[in-house]
Amino acid sequence: MPFSTLPRRWRLICLASLALNLALAGLIAGAVLTRLPHMGGMDHQAGHHARGGPLIAALPEDVRARIEAQLPPRAHGQRRARFEALTAALRAEPFDAGEVRALLRGQRDMGTRRAEAAEAALLDALAGMSAAERAAYADRLGAGLRGRRGRH
């Protein structure tokens with residue numbers, strides 16, 4: 001039976017299930033990737049602390065620490081509460097797609113705020129570097145990216 005011919009309620013349930021599965025897959029992938037050793041000269045500890053990807057991991061340790069201190073807290077408790085609210089909303093009868101949408105949007109917004117803060121802190125750090133320091137950073141970043149490509 002084509003998806004478009006399913007009753008609206010079942011289409012919403014399928015879409016909510018897909019969203020939940022994608023979120024869960026993202027959480028698992030993120031947990032695994034943050035624990036893998038970084039290649040290309042960047043140590044595992046650098047990536048573990050930064051958890052901001054190669055742009056943050058390529059920074060010197062003191063700059064990474066300064067950036068991490070400027071970021072909003074990770075709010076693991078809030079994330080868990082939102083996830084529990086999402087699972088409850090998925091089980092609710094009648095299903096409220098608007099509530100699920102709001103919960104998903106809230107989760108996305110939390111991540112967006114942290115990413116924006118990290119971007120601003122990174123730009124400040126880069127602006128404070130000398131040309132030689134930025135060149136060394138670019139070299140580490142390039143080496144790290146080349147190492148990541150080799151893993152795929």
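Helix H6 has 31 residues, and the distance from its first C-alpha to its last is 44 Å. That is close to the 45 Å expected at 1.5 Å a residue. The model is a predicted one.

Several residues of H6 are buried, among them Ala97, Val100, Leu103, Gly106 and Met110. Further along the helix, Arg114, Ala118, Ala121, Leu122, Ala125 and Leu126 are buried too.

The largest nonpolar core has 14 residues. Those with the most contacts inside this core include Leu122 and Leu126, along with Ile56, Leu59, Val63, Ile67 and Tyr137. The elements that give two or more residues to the core are helix H4 (61-70), helix H6 (97-127) and helix H7 (131-151). Of these, H6 gives the most, with five residues. There is also a second, separate core of seven residues, which includes Ala16, Ala89, Phe95 and Ala97.

Charged side chains come next. Side chains of opposite charge can pair when their charged atoms come close. How many salt bridges does the structure hold? The structure holds three.

One joins glutamate 68 to arginine 114, at 3.0 Å from N to O. Glutamate 68 belongs to helix H4 and arginine 114 to helix H6, so this pair ties together parts that are 46 residues apart in sequence. Is arginine 114 buried or exposed? Arginine 114 counts as buried because its relative accessible area is 16%, and buried means under 20%. Glutamate 68, at 28%, is partly exposed.

Another salt bridge is formed by glutamate 93 and arginine 9, whose closest N and O atoms are 2.1 Å apart. Glutamate 93 sits in the loop between helix H5 (76-91) and H6, while arginine 9 is in helix H1, so the pair ties together parts that are 84 residues apart in sequence. Glutamate 93 is exposed, with a relative accessible area of 55%, whereas arginine 9 is partly exposed at 46%.

Aspartate 109 and arginine 108 also form a salt bridge, with their closest N and O atoms 3.8 Å apart. Aspartate 109 is partly exposed, its relative accessibility being 29%.

The last topic is the surface. Phe3, Leu15, Leu18 and Leu22 make a nonpolar surface patch of about 390 Å². Leucine 18 lies in helix H1 (residues 8-33). Its relative accessible area is 46%, so leucine 18 counts as partly exposed.

How values were computed. Residues are numbered from 1 along each chain as its sequence is written. This is a predicted model: local features need pLDDT of at least 70, side-chain atom pairs count only at pLDDT 80 or more; totals for chains, interfaces and linings use all residues. Side-chain values use heavy atoms; hydrogens and water are left out. Patches are made of residues with over 30% relative accessible area and no salt bridge: like charges are joined within 9 Å, nonpolar side chains (Val, Leu, Ile, Met, Phe, Trp, Tyr) within 5 Å. Accessible areas come from the Shrake-Rupley method with a 1.4 Å probe; for residues, only the protein chains shown count as cover. A salt bridge is a side-chain nitrogen of Lys or Arg within 4 Å of a carboxyl oxygen of Asp or Glu. Helices (H or I, at least four residues) and strands (E, at least two) are DSSP runs, numbered from the N terminus. Buried means under 20% relative accessible area, exposed over 50%, partly exposed in between (1.4 Å probe, protein chains only). A nonpolar core is a set of buried Ala, Val, Leu, Ile, Met, Phe, Trp, Tyr and Cys residues joined through side-chain atoms within 4.5 Å. The expected span of a helix is 1.5 Å times one less than its number of residues.
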